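Here is a quick walk through one chain, from the overall picture down to a handful of side chains. Have the structure open as you read.

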Amino acid sequence: MPSLSGRGVGGSHAPSLLVQLANGCGGSLAHIGFALILVAVVISQHKQEAISVNVENLDFGDGFKQEDKKVNRLLFQNAPIKMADYRVTYKSKEVIEGKTYFNIFFEKLSKQGKITDTFTLKPFMQANGKGGDLVSNPDTKHYLSKDIFTNVSSFSNDKIEEGKMNTDTLAVGDSMFTSSCLVYFDSLIANPPSDSFTKTPNQLSIGALLRMNNMTSSIDKGMAVYVIDMQSGIVTGSYAYNNWEKGLSFTIEKILPEQEKVVFNWREVKKPQSFVIMRAILFPWINLVWLGSILITAGGFLSAINRRSKSSQKSS
């Protein structure tokens, strides 16, 4: 009568087959995986393409090596530029837990100029813990046959340049001149809605509505806000109206109720245009590295099973 032990029981097929598989191809899989990694590295390194070519031939300064100047591109905020088959736009930056992230928006374009894919990459910079120097950290878009690698090499500090402080005392309906436009004091508004602060029940906020006209562009309106504690009469805040387009900033210095006038402090300001200097590189078939790593891991696993099986046979 035939034996029912070993392979005759259905649940024992899998271990037996796994041992046979390990005995036959564990080492081969690992070798194939290693070969794939080598092929991927060679192809990726020799076929990599910098799509952020410095076509304007800008000199980014002594902080850039000559070779790096060729493959870095200047992007002004919200000004899209063409990089190979992509339209790339630097949208914004944000600081999170000491890291400065840059939102870089990519649009893949067809030969007809139609958008076929969109994505946002967020390379970031952070200070080196020892020297305090900024270290660039990349972000990557993964495709099946390629990766798009990005990192920011430099960026603007966006520090606002302020002119000298000026003071004017105005009644509602009065106006004043700046070097760029004529400013009208249109009205005072009690407790205006504002995103600049949260008012408590004991506070009174007063908004001064200002209208600016430089005779060449559209008229802008904005409000400087003054906050007073109604119990103590103490001023608890004065919130500026900043108009970056016209380069002006207004705050309320004080209100003169007897004269029905407001004292404004104002200055001309200049907010520099935000920019990044960025590198973008296309690496073809870099995913073969991951496939090779998986095969090496699988080969190692099967080889370990094979060694364990042979050790068990010897002991028995």
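**Ground rules**

This is a predicted model, where local features need pLDDT of at least 70, side-chain atom pairs count only at pLDDT 80 or more, and totals for chains, interfaces and linings use all residues. Residues are numbered from 1 along each chain as its sequence is written, and side-chain values use heavy atoms, with hydrogens and water left out.

**The whole chain**

Let's start with the secondary structure: there are three helices and 21 strands. Those are DSSP runs numbered from the N terminus, with helices being H or I over at least four residues and strands being E over at least two. Out of 316 residues, 34% are buried. Here buried means under 20% relative accessible area, exposed means over 50%, and partly exposed is in between, using a 1.4 Å probe and protein chains only.

The chain exposes about 19200 Å², with carbon and sulfur atoms supplying 55% of that area. Areas like this come from the Shrake-Rupley method with a 1.4 Å probe, and for residues only the protein chains shown count as cover. As for contacts (heavy atoms within 4.5 Å), take those with a separation of 6 or more: 52% of them are between residues 24 or more positions apart.

**A serine in a loop**

Which residues does Ser52 touch beyond its neighbours within four places in sequence? The list is Lys70, Val71, Asn72, Arg73, Met83, Met278, Arg279 and Ala280. Ser52 itself is in the loop between β1 (49-50) and α2 (66-70), and it counts as buried because its relative accessibility is 0%. Its side chain also gets to the backbone nitrogen of Ala280, at 2.8 Å.

**The rings**

Now for the aromatics. A pair of rings is described by the distance of the centres and the angle of the planes. Rings of Phe, Tyr and Trp (its six-membered ring) pair if their centres lie within 6.5 Å; planes under 30 degrees apart are stacked, over 60 edge-to-face, and the rest tilted. By that rule the count is ten aromatic pairs.

Tyr86 and Phe106 make an edge-to-face pair, because their planes are at 80°, with the centres 6.0 Å apart. Tyr86 belongs to strand β4 (residues 86-96) and Phe106 to strand β5 (residues 99-109), so this pair links distant parts of the chain, 20 residues apart. Both Tyr86 and Phe106 are buried.

Phe106 also pairs with Phe119, this time stacked, at 5.0 Å centre to centre and 10° between the planes. Phe119 is in strand β6 (residues 115-121) and Phe106 in β5, so the pair ties together parts 13 residues apart in sequence. Phe119 is buried, as is Phe106.

The charged end of Lys108 sits over the ring of Tyr86, 5.7 Å from its centre, and the charged end of Lys141 sits over the ring of Tyr143, 5.4 Å from its centre. A charge sits over a ring if NZ of Lys or CZ of Arg is within 6 Å of the ring centre and within 35 degrees of the ring normal.

**Salt bridges**

Side chains of opposite charge can pair when their charged atoms come close. A salt bridge here is a side-chain nitrogen of Lys or Arg within 4 Å of a carboxyl oxygen of Asp or Glu, and the count comes to seven. Among them are these:

| Salt bridge | Closest N and O atoms |
|---|---|
| Lys69 and Asp59 | 2.8 Å |
| Lys122 and Glu94 | 3.7 Å |
| Arg211 and Asp186 | 2.8 Å |

In the salt bridge of Lys69 with Asp59, Lys69 is in helix α2 and Asp59 in the loop between β1 and α2, ten residues apart. Lys69 is buried, with a relative accessible area of 12%, whereas Asp59 is exposed at 61% relative accessibility.

For the salt bridge of Lys122 with Glu94, Lys122 is in the loop between β6 and β7 (124-127) and Glu94 in strand β4, 28 residues apart. Lys122 is partly exposed at 37%, and Glu94 is partly exposed at 30%.

In the salt bridge of Arg211 with Asp186, Arg211 is in strand β15 (residues 203-213) and Asp186 in strand β14 (residues 182-190), 25 residues apart. Arg211 is partly exposed at 23% relative accessibility, and Asp186 is partly exposed at 25%.

**Two positive phi angles**

Asn57 is not a glycine, yet its phi is positive, near 60°. Asn57 is in the loop between β1 and α2 and counts as exposed, at 66% relative accessibility. Ala84 also has a positive phi, of about 55°, without being a glycine. Ala84 is in the loop between β3 (81-83) and β4, and is partly exposed at 37% relative accessibility.

Terms used
A polar contact is a pair of N or O atoms within 3.5 Å; within protein, one must be able to donate a hydrogen and the other to accept it, and residues adjacent in sequence count only if both atoms are side-chain atoms.
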